[in-house]
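Trainee: I have a structure to go through and I'm new to it. Can we take it topic by topic?
Mentor: Fine. Open it up and ask as you go.
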Amino acid sequence: MDKQGKNIVQRRLLFMISLMLIFMFLLVSYINDEMHFTSSLFMGISLLLVNMLLYKLEKPRLIKVKGKRVKQPIGINYIAKVVQLAICIFLIVGSWTSFEKKQVFGWMKGYAQDRERYSVLVESSDKAKSLYDLNNSAFGYMSDDAHRINDVVENISLSLKQSITPCIYSTHKETLAALYSTKIQVLIINEKDRSDFEKIDKDFSRKTKVIKSYII
């Protein structure tokens, strides 16, 4: 393979690697609630356009060498390649940092033996559709599983970029009453306790909806 052919392969390979890293970065960030879906979509489109522009700029230009027009890399080609490599490094570091968070491992592993599913619930009539609609809402949970729920609360606080201080209740009945009386708008439960809530109100699952789930 001649020098020109190698250059084409390198450009295309770098372009494909960039695309895969963009997809991985956006997927992991979305799973971890670091970005809203619309923000992920906007960033994805922006990175894709930048990647395409850099790919085009890396193409060698036709220049005259000893009276002949030949394709040869010039300064802008090298600059574009360096920028694209820098973006790749940023995406790798960002993805790995995000990947280490518990939500991603939980999402990939599913119900691991030492992990349990926690759900963020609101009443079915609530207009909230995502975690980001719960800003300034009152949260609550039952105290029997405080350690792991604290991890859920921490993840929610990071996603909403605000401190959350949930109300803590001692019984299922008291917790459910707080939700139905709107003392709290958001209830965090361990899914293994869902049947206990349904014993108090058989329509509990119909009257509530899951906004977000975590595997902790």
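Trainee: Which residues form the nonpolar patch on the surface?
Mentor: The patch is made of L41, I45, L48, L49 and M52, which together have about 460 Å² of accessible area. Keep in mind that this is a predicted model.

Trainee: Where does M52 sit?
Mentor: M52 is in helix α2, which covers residues 37–57.

Trainee: And how accessible is M52?
Mentor: M52 has a relative accessible area of 44%, so it counts as partly exposed.

Trainee: Switching to strands. What is the order in the open sheet?
Mentor: The sheet has five strands, in the order β5-β4-β6-β3-β7, and the pairing is mixed. At the edges are β5 (167–169) and β7 (208–215), each of which pairs on one side only. On average, neighbouring strands of this sheet are turned by 25 degrees against each other, direction ignored.

Trainee: What actually holds strands together in a sheet?
Mentor: Strands pair through backbone hydrogen bonds, and they do so either parallel or antiparallel.

Trainee: Which way do β3 and β6 run, parallel or antiparallel?
Mentor: Antiparallel: β3 (residues 117–123) and β6 (residues 186–190) are joined by four bridges.

Trainee: What stands opposite Y118?
Mentor: N190, in β6.

Trainee: New topic. How many salt bridges are there in the whole structure?
Mentor: A search finds six. One of them joins the side chains of R194 and E191, at 2.7 Å from N to O.

Trainee: What does K199 pair with?
Mentor: K199 forms a salt bridge with D196, and their closest N and O atoms are 3.9 Å apart. The two residues are three apart in helix α7 (residues 194–200), so about one helical turn separates them. K199 is exposed at 69% relative accessibility, while D196 is partly exposed at 25%.

Trainee: And which residue forms a salt bridge with K207?
Mentor: D201, with the closest N and O atoms 3.1 Å apart. K207 is partly exposed, with a relative accessible area of 33%, whereas D201 is buried at 12%.

Trainee: Which residues are joined into a network by salt bridges that share partners?
Mentor: E116, R148 and K192 are joined into one network that way.

Trainee: Last topic, rings. How many aromatic pairs does a search find?
Mentor: Three in the whole structure. One of them is F15 with Y55: the ring centres are 4.9 Å apart and the planes are at 45 degrees, so this pair is tilted.

Trainee: Which helices do F15 and Y55 lie in?
Mentor: F15 lies in helix α1 (residues 3–31) and Y55 in helix α2, so the pair ties together parts that are 40 residues apart in sequence. F15 is buried, with a relative accessible area of 17%, and Y55 is partly exposed at 21%.

Trainee: What about F197 and F204, how are their rings arranged?
Mentor: Their centres are 5.1 Å apart and their planes are at 20 degrees, so the F197 and F204 pair is stacked.

Trainee: Are F197 and F204 buried or exposed?
Mentor: Both F197 and F204 are buried.

How values were computed
Residues are numbered from 1 along each chain as its sequence is written. This is a predicted model: local features need pLDDT of at least 70, side-chain atom pairs count only at pLDDT 80 or more; totals for chains, interfaces and linings use all residues. Side-chain values use heavy atoms; hydrogens and water are left out. Patches are made of residues with over 30% relative accessible area and no salt bridge: like charges are joined within 9 Å, nonpolar side chains (Val, Leu, Ile, Met, Phe, Trp, Tyr) within 5 Å. Accessible areas come from the Shrake-Rupley method with a 1.4 Å probe; for residues, only the protein chains shown count as cover. A salt bridge is a side-chain nitrogen of Lys or Arg within 4 Å of a carboxyl oxygen of Asp or Glu. Buried means under 20% relative accessible area, exposed over 50%, partly exposed in between (1.4 Å probe, protein chains only). Two strands pair if DSSP finds at least two bridges between them. Axes are lines fitted to C-alpha atoms, for helices over the stretch in contact, and angles run from 0 to 180 degrees between N-to-C directions. Rings of Phe, Tyr and Trp (its six-membered ring) pair if their centres lie within 6.5 Å; planes under 30 degrees apart count as stacked, over 60 as edge-to-face and the rest as tilted.
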